[in-house]
Amino acid sequence: MIKCNIGLARKFIKDDAYFKARKKVDAAFEQLKTKSGPGSEWLGWRDILAGPNDAELEQVSALGSEIRKNADVFIVCGIGGSYLGAKAVIDALSSHFGSKGPEIIYAGHHIGGKYLEELLQYLKTPKDDGSSKNIYLNVISKSGSTLETALAFRMLRELLEDLYDEDASEHIICTTGKEGGVLNKVIKEKGYRKFVVPENVGGRFSVLTPVGLLPISVAGIDIRTLFYGAVSAYNKYDEDAEELLEYAALRNAIHESGKTIDVFATFEPELSSMGGWIQQLLGESEGKEGKGIFPAVATFSTDLHSLGQFIQQGKRSLMETFIIVDKPFSKLAVNELKEDDDKLNYLAGKSFHEINTKAREGTIEAHSEGDVPIVKVQMTALNAESIGQLIYFFELMTGIFVYSLGINPFNQPGVEDYKKAMYRLLGK
Ligand code: PA5
């Protein structure tokens with residue numbers, strides 16, 4: 001199970017401020033459990049774990065295996081909560097190079113014309129043996145009307161319809177709301193296969209629905225283990241959420257103290273995209289009404305050579321949350337060189353995991369001495385079960401923390417503003 005330790009941050013908060021924050025957090029957890037807070041009609045991300053839909057898990061898994069077997073390329077077409085969760089899990093649990101199974105490509109997550117043009121060209125280009133690529137497309141949009149996704153889908157489905165003619169519907173799978181939205185009309189007309197995003201689950205909380213589960217399954221990850229990892233976390237935290245509540249209270253007190261940034265840092269490059277998912281989950285949930293702690297993301301030690309200077313000595317406006325994996329997932333060790341011309345023999349025989357761990361411990365020590373409050377969120381190993389637990393840990397912490405600020409975590413009214421301006425400029 002996930003461990004969370006606020007020990008290094010606690011000294012930055014006076015007792016009375018911390019206990020005041022803790023009271024707010026306890027009340028927020030109660031609001032969440034009793035569905036009495038604002039936006040409580042969006043708490044389906046807890047309901048799906050309280051009563052798992054095994055039949056749907058089977059169905060998604062079966063389709064995932066079918067696509068994995070047949071496809072050369074699988075396109076995940078979605079933006080925000082409609083793709084970040086899947087990407088986070090896939091990147092965390094897949095090989096960096098030469099993964100088996102279809103190549104997974106993301107689209108519909110921006111409006112970059114060069115990217116889409118090159119993608120369309122790439123899809124049309126035959127494989128080395130001269131045969132055509134077998135392409136599957138999963139468009140994911142709960143509203144069924146998000147411009148970035150809809151535009152990419154329009155271009156991609158035209159290509160698939162050209163390539164497969166009447167069989168195109170075999171290659172296109174749609175994940176969207178039960179009804180409404182332009183996408184549902186297209187699905188009806190064309191007979192595309194469809195998965196439903198539960199009404200009461202918002203985009204950024206939807207990774208454990210078909211939104212995230214189908215792409216994750218296509219990547220060859222056991223979605224049942226992932227899902228039931230989250231179920232085990234759900235059961236645990238409804239019994240005992242002490243460490244999670246301490247973290248939420250600490251964040252609340254840090255927020256009240258005027259700090260404005262939380263850097264989500266990991267020393268595991270596999271978890272970089274998980275940082276992106278956490279960033280969206282927290283960012284869209286807490287950044288309202290002039291409140292919130294800006295969620296920044298860093299992958300160390302890479303970003304110690306870019307953000308490290310600021311974190312160590314810049315404006316003291318930040319805290320850091322380290323996401324740590326205890327168990328090594330590689331045994332690679334430093335080789336011994338006879339000539340030792342690079343003077344690295346002092347590390348010979350040590351594993352990269354050991355060296356990375358020392359880099360992390362040293363960084364935590366230095367940043368702590370640089371007056372950065374640090375929280376450690378720790379997984380024992382990197383696998384589907386622990387990732388499922390981590391997902392629920394952050395979903396629950398987000399819900400509780402944002403309620404403790406007195407705001408609705410589950411809407412995103414500010415996102416509409418850019419859309420309104422953009423549509424006006426586009427003459428819609
Ligand atoms: O968390 C959210 O609700 C948003 O980030 C959405 O996921 C994002 O805007 C995409 O929306 P849709 O799935 O309706 O295309």
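K35 sits in the loop between α2 (15–33) and α3 (44–50), with helices (H or I, at least four residues) and strands (E, at least two) taken as DSSP runs numbered from the N terminus. Although K35 is not a glycine, its phi is positive, at about 50°. Please keep in mind that this is a predicted model, where local features need pLDDT of at least 70, side-chain atom pairs count only at pLDDT 80 or more, and totals for chains, interfaces and linings use all residues. Residues are numbered from 1 along each chain as its sequence is written, and side-chain values use heavy atoms, leaving out hydrogens and water.

Another backbone feature to look at is the cis peptide bond between F300 and S301, with omega at about 5°. S301 belongs to the loop between β8 (294–299) and α14 (308–313).

Now to the ligand. The ligand has 13 residues around it, and S82, S141, S143, T146 and Q280 come nearest; a residue is near if one of its heavy atoms lies within 4 Å. This shell holds nine polar residues, three charged and one nonpolar; Asp, Glu, Lys and Arg count as charged, Ala, Val, Leu, Ile, Met, Phe, Trp, Tyr, Cys and Pro as nonpolar, and the others, Gly among them, as polar.

| Residue | Protein atom | Distance to a ligand oxygen |
|---|---|---|
| S82 | side-chain N or O | 2.7 Å |
| R204 | polar backbone atom | 2.9 Å |
| G81 | backbone N or O | 3.0 Å |

Taken alone, the ligand exposes 380 Å², and the protein buries 88% of that (Shrake-Rupley method, 1.4 Å probe).

Finally, the aromatic rings: the structure holds 19 aromatic pairs, meaning rings of Phe, Tyr and Trp (its six-membered ring) with centres within 6.5 Å; planes under 30 degrees apart are stacked, over 60 edge-to-face and the rest tilted. One of the pairs is Y83 with Y106, tilted at 55° between the planes and 5.8 Å centre to centre. Y83 lies in the loop between β2 (73–77) and α5 (84–93) and Y106 in strand β3 (residues 103–107), so this pair ties together parts 23 residues apart in sequence.

Terms used
A polar contact is a pair of N or O atoms within 3.5 Å; within protein, one must be able to donate a hydrogen and the other to accept it, and residues adjacent in sequence count only if both atoms are side-chain atoms.
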